[in-house]
Amino acid sequence: MRTTRTPHLCLNCNEALTGTELYYSVNRLGHPLCPSCQQELKSKLEHTSRETVKLYFLLKQKGIAVELEKDDHYTTADISIVSAKVNIEVSRPQTNYNRCEALADLKRTYYSFEKGYYTLRIPNALVAYDQDDAVSFIEEFLQVSCQPQSYYHC
Ligand SMILES: [Zn+2]
């Protein structure tokens, strides 16, 4: 009797992966990605926090059109949901937070706000330890953001 194995899928686009692609991608980038998505995300994955990447893939798996490290020439958002005009910043530990970093955060929030984007700040500890609640709440947040009466509606 022959058993059918469920193919491993690319975490970013859901394409089926060969065994070689899976092995290479997980060992090199830490995530199962097809060659095209490896190429697209490689540099971003290397420079983005583990929690940001984890949240990106969790939201992507929920079918949300998220972009990782979206650069709009003035600022870079950790995760951006253009259709909802929401940027997500995954907060790093505050132990070395200084005046310059705090002001840079405020400026990024301001420039995004100027373009009609709301910045949602998610503590990285929440992503690390309570990812299901974090994702559920973000989904609710996006639903409210897309309601017609919302200032930020889609
Ligand atoms: Zn892919």
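## A first look at this chain

In helix α3, the buried residues are Glu-51, Thr-52, Val-53, Leu-55, Tyr-56 and Leu-59. That helix is one piece of a predicted model, whose protein chain has six helices and four strands in total. Here's a quick tour, starting with the chain as a whole and then zooming in.

**The whole chain**

- The C-alpha trace spans about 60 × 40 × 30 Å along its principal axes.
- Of the 154 residues in the protein chain, 24% are buried.
- If you take the contacts between residues at least 6 apart in sequence, 51% of them join residues at least 24 apart.

**Two domains**

- The chain splits into domain 1, covering 8–47, and domain 2, covering 49–145.
- Where they meet, domain 1 puts in six residues and domain 2 puts in five residues.
- On the domain 1 side of that contact, you'll find three nonpolar residues, two polar ones and one charged one.

- Helix α3 takes in residues 50–61, which makes twelve residues.
- From its first C-alpha to its last, α3 reaches 17 Å, close to the 16 Å expected at 1.5 Å a residue.
- Just after α3 comes Gly-63, which has a positive phi of about 85°.

**The sheet**

- The four strands form an open sheet in the order β1-β2-β3-β4, and the pairing is mixed.
- β1 (67–71) and β4 (118–123) are the edge strands, and each has a single partner strand, so one side of each has no neighbour in the sheet.
- Going from one strand to the next, the twist averages 45°.
- As background, strands of a sheet pair through backbone hydrogen bonds, in either a parallel or an antiparallel way.

**Who pairs with whom**

- β1 and strand β2 (residues 76–81) run antiparallel and are joined by four bridges.
- Across that pair, Asp-71 sits opposite Thr-76 in β2.
- The hairpin of β1 and β2 has four residues between the strands, and His-73 has a positive phi near 75° there.
- At the other end of the strand order, strand β3 (residues 86–91) pairs with β4 in the parallel sense over six bridges.
- Glu-89 is the residue that stands opposite Arg-121 in β4.

- You'll find Ser-112 in helix α4, which covers residues 99–114.
- Ser-112 counts as buried because 21 other C-beta atoms lie within 10 Å, and the cut-off for buried is 20 or more.
- Leaving out residues up to four places away in sequence, Ser-112 touches Thr-75, Ala-77, Asn-87, Tyr-117 and Thr-119.
- Ser-112 and Lys-85 are 27 residues apart along the chain, while their C-alpha atoms are separated by 9.1 Å.

Definitions and conventions:
Residues numbered from 1 in each chain as written. Predicted model: local features only at pLDDT ≥ 70, side-chain atom pairs only at ≥ 80, totals over all residues. Helix = DSSP H or I, 4+ residues; strand = E, 2+ residues; numbered from the N terminus. Expected span 1.5 Å × (residues − 1). Buried ≥ 20, exposed ≤ 12 C-beta atoms within 10 Å, placed from the backbone. Domains from an automatic or database assignment. Contact = placed C-beta atoms within 7 Å. Nonpolar A, V, L, I, M, F, W, Y, C, P; charged D, E, K, R; others polar. Pairing = 2+ DSSP bridges. Axes fitted to C-alpha atoms, helices over the stretch in contact; angles between N-to-C directions.
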